[in-house]
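Colleague: Could you zoom in on one residue for me and then work outwards from there? I'd like the contacts and the charged pairs with their distances.

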Amino acid sequence: MKKGILLFFISCLPSLVSAQWNAQLGVNVIPLIAKTLEVTSEFSHHPGYSLNVNAGYTFKTGFVGIPDYKIYDYISDRQTSGAFLKAGGRLYLRSLTGVQRRTNFFVGAAIIVSQYDQTALRRLVTPNGENTENYVDVSAKGVSFCPAFSIGFSRRIGEKFTFDWGLQKALVTRENDFIGTRRRNYQPGAGSGQSVFLSYFQGILSLKYSLN
C-alpha cells in the first residue's frame with residue numbers, strides 16, 4: 001500500500017508535465033509538527049482551476065492535536081504511522097475569467113486515501129473498575145477513504161514560486177477500530193480528531209516551485 005501510493009504519485013508527474021500543463025511542486029510544512037511529510041503538486045491549463053495530487057507519510061507520531069485536551073482513556077504511548085494520497089482540484093475564484101492574479105482565493109475538494117498503522121499500551125482494570133499496573137499491547141491497521149475540502153489563499157512570488165496558506169477539513173470515515181477515544185487518534189493526511197468542532201482540520205502552508 002505504501003509503495004503503491006508513492007509510485008502512483010511519481011508516475012503522475014511526467015505525464016502531466018509532458019502534456020504541457022503548468023506543473024508546480026512543493027511541501028506543506030504544517031503537518032511536520034505531527035511527524036508527517038506531505039509533498040504537494042499542482043497542475044493547471046487555466047488560471048481559474050487546477051488538479052492537485054499530494055502524497056506523504058506519517059512517521060510514528062503521538063500527536064493528538066492543538067490544544068491537547070487531556071482525556072484519560074486507559075491508553076498510553078499511542079503511535080501512528082502510515083502513507084496517504086490526496087487527489088482532487090481547486091477553483092481560483094478571482095481567475096475564473098482567465099485573468100492571472102498575483103494573489104488569489106481558492107476553494108478545493110479531494111479524496112484522501114489514508115493507510116494507518118497504530119500501536120499503543122492499554123492499562124488493565126480489575127472487574128470492579130480499579131486500575132492496575134499492568135498493560136497490554138494493542139494495535140489497529142487499515143485503509144480509510146474520505147473526502148476533504150479546503151479554502152485558502154495563493155500568492156505568486158516571482159516567476160517560479162507560489163506561496164499557499166489555508167485550511168483543510170477532512171470527513172474521516174473508517175472502521176470502528178480506534179485505539180481508545182476516537183478524538184485522540186491521528187489520521188495520516190487528515191489530521192487529528194481532537195475536538196468535536198475542529199476534528200480533522202489541518203493547516204496548509206506550502207511553498208511551490210514551478211517545473212515549467
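Colleague: Let's start with Gln-168: is that residue buried or exposed, and what is its relative accessible area?

Modeller: Gln-168 is buried, at a relative accessible area of 9%. (Buried is under 20% relative accessible area, exposed is over 50%, and partly exposed is in between, using a 1.4 Å probe and protein chains only.) Before we go on, keep in mind that this is a predicted model: local features need pLDDT of at least 70, side-chain atom pairs count only at pLDDT 80 or more, and totals for chains, interfaces and linings use all residues. Residues are numbered from 1 along each chain as its sequence is written, while side-chain values use heavy atoms, with hydrogens and water left out.

Gln-168 sits in strand 7, residues 161-170; strands here are DSSP runs of E, at least two residues in length, numbered from the N terminus. Its side chain has a polar contact of 2.8 Å with the side chain of Lys-86, and it also reaches the backbone oxygen of Gly-189 at 3.1 Å. By polar contact I mean a pair of N or O atoms within 3.5 Å; within protein, one must be able to donate a hydrogen and the other to accept it, and residues adjacent in sequence count only if both atoms are side-chain atoms. Leaving out neighbours within four places in sequence, the residues in contact with Gln-168 include Ile-112, Phe-149, Ala-190, Phe-201 and Ile-204, where contact is heavy atoms within 4.5 Å. Tyr-200 is another of those contacts: 32 residues away along the chain, with a C-alpha to C-alpha separation of 8.2 Å.

Moving on to the charged pairs, the whole structure has nine salt bridges, each a side-chain nitrogen of Lys or Arg within 4 Å of a carboxyl oxygen of Asp or Glu. One of them pairs Glu-42 with Arg-90, with 4.0 Å between the closest N and O atoms. That pair links distant parts of the chain, since Glu-42 is in strand 2 (residues 36-46) and Arg-90 is in strand 4 (residues 75-92), 48 residues apart. Glu-42 counts as buried because its relative accessibility is 4%, and Arg-90 counts as buried because its value is 12%.

Glu-42 has a second salt bridge, to Lys-208, with the closest N and O atoms 2.2 Å apart. Lys-208 lies in strand 10 (residues 201-210) and Glu-42 in strand 2, so this pair ties together parts that are 166 residues apart in sequence. Both Glu-42 and Lys-208 are buried.

A further salt bridge joins the side chains of Lys-141 and Asp-117 at 4.0 Å, N to O. Here Lys-141 belongs to strand 6 (residues 131-157) and Asp-117 to strand 5, 24 residues apart. Lys-141 is exposed at 60% relative accessible area, whereas Asp-117 is partly exposed at 26%. As for networks, salt bridges with shared partners join Glu-42, Arg-90, Asp-164 and Lys-208 into one.

Strand 5, residues 103-125, also holds Arg-123. Arg-123 is buried because its relative accessible area is 18%. A side-chain polar atom of Arg-123 is 2.6 Å from the backbone oxygen of Thr-132, and the Arg-123 side chain makes a polar contact of 3.3 Å with the side chain of Tyr-72. Beyond residues up to four places away in sequence, Arg-123 touches several residues, among them Tyr-74, Asn-131, Glu-133 and Tyr-135.

Terms used:
Helix = DSSP H or I, 4+ residues; strand = E, 2+ residues; numbered from the N terminus.
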